[in-house]
Amino acid sequence: MTGGEHAVLHLEKVCKTYGAGETIVRALRDVDLEVRRGDFVAIIGPSGSGKSTLMNILGCLDIPTSGRYLFAGEDVMRMRDDQLAHIRNLRIGFVFQQFHLLKKLTAWRNVELPLLYRRASRRRETAMRALGMVGLDHRVDHTPNQLSGGQQQRVAIARALVTDPELILADEPTGNLDTTSTRDILAILEQLHKDGRTIVLITHDPEIASVAPRVVRISDGVLTEEAVGTAIELDGRRARAAKPRTARAPRRRAASPMIVEDAASA
Ligand SMILES: Nc1ncnc2c1ncn2[C@@H]1O[C@H](COP(=O)(O)OP(=O)(O)OP(=O)(O)O)[C@@H](O)[C@H]1O
Ligand SMILES: [Mg+2]
């Protein structure tokens, strides 16, 4: 791999260790990964394999111990804290297992939050549009406790989208959902991919991973690319997986970029 200027994410020999001496944990070992604009990549691995460690690094929440990480061609490891915060706030849309919505705010107010921080104009309109993209036009004035889990996660996805980020980073987004809601959320991710969005989906579940055209496996901190065109074994049956890569649709630009820590971590 070379510079990776055209990639959204470019990792080269990225290592992450925790602790030192006898208790050292090598959570990521020489990870190479390139995610290009419009890619939809699932990263799958069992508990303790390094998924959260990798997610923290991809999301600029943590820094590798060694190696190279470029976000949209920029060297993350040379950035100051405020520059890293800028990427987290403006350029990555996070979706977490626990939806992290503010309980007292209605759906549209939750989605509006990232826009507030950048004092964007037409915030309601932009938030409504994002809620429309996830099929929640009819629930915009409901608070989280008036919404089902699946609907809450759709609000969270709308909030991740509202800034028009370069990357959507979803960590076990269906981990708290029933089968029907899981299907809905995965359908939304597939649609976002068709619309040209770049998505990284982290999961321990092969069935979830199989919605992504590209699957990368992590095991003991080592990343392995699944061959394109192979299928994942699911309890003896073959799941739809790793479809051949198709041409990338141009990325659609929505109105406005920007997200803020608090929105993701609140
Ligand atoms: N802060 C830390 N200090 C020491 N070791 C850690 C730390 N965080 C993670 N680890 C270790 O690093 C390895 C990878 O952990 P990580 O949390 O990335 O796994 P994971 O794939 O997300 O697991 P799970 O599916 O259970 O969430 C594990 O062996 C874990 O014990
Ligand atoms: Mg984890």
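**Tour of the strands**

Select strand 3 and strand 9 (residues 214–219): the two pair in the parallel sense over four bridges. Here helices (H or I, at least four residues) and strands (E, at least two) are DSSP runs, numbered from the N terminus, and two strands pair if DSSP finds at least two bridges between them. This is a predicted model, in which local features need pLDDT of at least 70, side-chain atom pairs count only at pLDDT 80 or more, and totals for chains, interfaces and linings use all residues. Residues are numbered from 1 along each chain as its sequence is written, while chains are lettered from A and ligands numbered from 1 in the order in which they are written.

Zoom in on I43, whose bridge partner in strand 9 is V216.

Now colour strand 3 (residues 40–44) by burial. A residue is buried if 20 or more other C-beta atoms lie within 10 Å of its own, exposed if 12 or fewer, and partly exposed in between, with C-beta atoms placed from the backbone. Five of the five residues in strand 3 are buried. In a regular strand the side chains alternate between the two faces of the sheet. F40, A42 and I44 lie on one side, V41 and I43 on the other, and both faces are covered.

Move to the open sheet of four strands, ordered 2-1-4-5 with antiparallel pairing. Strand 2 (25–36) and strand 5 (74–75) are at the edges with a single partner strand each, so one side of each has no neighbour in the sheet.

Finally, select strand 1 (residues 7–18) and strand 4 (residues 66–71), an antiparallel pair joined by five bridges. L9 stands opposite F71 in strand 4.
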